[in-house]
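Okay, thanks for coming, everyone.

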Amino acid sequence: MAGRWRAATVAAHRPETPTARTLVLRVPDWPGHLAGQHVDVRLTAEDGYTAQRSYSLAAPAVGDLIEVTVQRVPDGEVSPYLVEVADVGDQIEIRGPLGGWFVWRPDDPAPVVLVAGGAGIVPLMSMVRTRRMARAKALFRLLYSLRSPAERYYSTELGSHQAGDGGLDVFLAYTREAPEGVTRPPQRLALSEINTHGLPPDSAPTCFVCGPTGFVESAANALVALGHDPRRIKTERFGPSGGRP
Amino acid sequence: MTTPSVSEPSHLDGNALAGPLSEVFRVDLTGATRRCAVCGITGAFAELRVYAECPGLVVRCPGCDTVVLRLVHEGGVLWLDLGGTGCLRLRVK
Ligand SMILES: Cc1cc2nc3c(=O)[nH]c(=O)nc-3n(C[C@H](O)[C@H](O)[C@H](O)COP(=O)(O)OP(=O)(O)OC[C@H]3O[C@@H](n4cnc5c(N)ncnc54)[C@H](O)[C@@H]3O)c2cc1C
Ligand SMILES: [Zn+2]
């Protein structure tokens with residue numbers, strides 16, 4: 001049952017940016033999950049104090065192995081441990097998979113607009129990877145708002161035309177510092193860009209928006225202003241944290 | 001760093017309730033459709049606004065701000081106030 005806490009062992013980790021990393025966790029008898037679902041992570045200190053936080057699953061499961069990507073929040077209770085301290089062999093507790101609404105299924109033919117701010121890319125990357133693995137045909141448009149090239153998650157994989165990614169378009173909106181050769185000046189993701197790089201409301205896409213609460217709020221409002229049906233806009237707010245877009 | 005400023009909204013979506021509610025319910029309520037008893041709005045349970053206010057969670061209707069539910073988990077005791085839940089529609093297997 002999803003409500004049960006179970007032991008997870010850190011099987012591997014790799015840096016995504018100087019302040020974020022992916023953890024591969026081994027969870028015996030993992031039942032599998034849908035793209036977009038999350039887990040709750042619980043840490044227990046030696047004195048018995050516990051802290052729990054939610055983290056999106058970043059990829060489809062491979063057997064007992066699942067992945068999360070965590071952005072370090074300065075002075076945070078949980079994320080600095082997961083990004084800087086947790087090592088291979090360490091145990092944490094998790095429960096999940098959780099959530100039945102912010103999910104994408106590869107047999108859904110409807111076109112999809114994905115809008116990510118900062119760490120909000122994590123569950124959307126799970127959708128991209130699930131689509132690739134299933135060789136699904138649904139049209140995907142991903143708009144990824146991030147501060148700078150150094151803050152880019154999954155940089156070697158995302159937007160480099162992997163086999164199975166036909167029909168996926170990626171637009172990167174740098175907000176503070178753009179890499180050389182990019183003519184778009186660093187600025188916030190604009191309504192006009194969501195219009196140009198998203199999909200028209202007539203095609204009735206499902207829209208998934210994820211990131212820090214303020215980012216999600218403005219991106220979801222922009223989609224509504226462009227004429228998208230609010231019932232087709234699904235949001236996942238990470239709270240104030242989750243990495244600034 | 002510091003607490004977010006007033007202009008920065010800090011609530012989460014109902015999705016974040018999936019874990020805490022799984023301690024009580026066997027089915028995932030976040031996928032349910034809810035009709036608000038106060039304002040009549042219909043929407044996904046996952047669209048509710050979740051405020052993490054110490055020591056628990058306060059969940060409000062996106063239509064009228066009514067407190068839909070409150071959940072406090074403290075020292076092995078769980079308090080769940082479902083006062084404003086309204087009517088839920090769930091798919092069951
Ligand atoms: C459904 C869901 C899925 C999530 N998925 C992910 C995910 O995939 N990856 C991920 O990294 N996070 C994700 N989050 C966010 C995550 O759950 C934590 O909130 C985050 O890691 C911070 O926890 P913490 O304990 O480190 O910080 P806390 O101890 O909770 O916060 C410390 C202090 O820092 C403040 N603060 C938080 N962020 C910032 C910031 N960016 N700038 C300035 N001040 C800040 C807080 O208000 C607080 O005062 C998700 C959240 C939800 C609800
Ligand atoms: Zn209401």
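Let me start with a definition: buried means under 20% relative accessible area, exposed means over 50%, and partly exposed is in between, using a 1.4 Å probe and protein chains only. Then the housekeeping: this is a predicted model, where local features need pLDDT of at least 70 and side-chain atom pairs count only at pLDDT 80 or more, while totals for chains, interfaces and linings use all residues. Residues are numbered from 1 along each chain as its sequence is written, chains are lettered from A and ligands numbered from 1 in the order in which they are written, and side-chain values use heavy atoms, with hydrogens and water left out.

What are the protein donors of the zinc ion, ligand 2? They're the SG atoms of C36(B), C39(B), C61(B) and C64(B), sitting 2.3 to 2.4 Å from the ion. By donors I mean N, O and S atoms within 2.8 Å of the metal, or 3.2 Å for Na, K and Ca; water is not among the atoms, so sites may look incomplete. The angles among the 4 donor atoms run from 107 to 111 degrees, and the site is tetrahedral. For that label, four donors need all angles between 85 and 135 degrees; four count as square planar and six as octahedral if opposite donors are over 155 degrees apart and all others between 65 and 115, and anything else is irregular. As a reminder, the ideal angle for four tetrahedral donors is 109.5 degrees.

Along the chain, the spacing of the donors reads C-x2-C-x21-C-x2-C. Helices and strands here are DSSP runs numbered from the N terminus, H or I with at least four residues for helices, E with at least two for strands. Buried or exposed, C36(B)? C36(B) counts as buried because its relative accessibility is 1%, and C61(B) is buried too, at 0%.

Zooming out on chain B, we have 1 helix and 8 strands, in the order β-α-β-β-β-β-β-β-β along the sequence. There are 93 residues in chain B, and 34% of them count as buried. The accessible surface of chain B is about 5400 Å², with 55% belonging to carbon and sulfur atoms; areas come from the Shrake-Rupley method with a 1.4 Å probe, and for residues only the protein chains shown count as cover. If you take the contacts in chain B with a separation of 6 or more, 44% are between residues 24 or more positions apart. Contact means heavy atoms within 4.5 Å.

Most residues other than glycine have a negative phi, and most peptide bonds are trans. Well, the peptide bond from G96(A) to P97(A) is cis, with omega near 5 degrees, and P97(A) is in strand β6 (residues 91-98). Then D29(A) isn't a glycine, yet it has a positive phi of about 65 degrees. D29(A) sits in the loop between β2 (20-26) and β3 (38-44) of chain A and is exposed, at 66% relative accessibility. R135(A) also has a positive phi, near 50 degrees; this one is in the loop between α2 (121-134) and β8 of chain A, and is partly exposed at 48%.

S126(A) is in helix α2, with a relative accessible area of 1%. Which residues is S126(A) in contact with, leaving aside neighbours within four places in sequence? They are A35(A), G36(A), L57(A), A58(A), A59(A) and P60(A). The other one, V216(A), is in helix α4 (residues 213-225) and comes out at 0%. Not counting residues up to four places away, V216(A) touches V209(A), C210(A), G211(A), T235(A), E236(A) and R237(A).

That's my tour; happy to go back to any of these spots.
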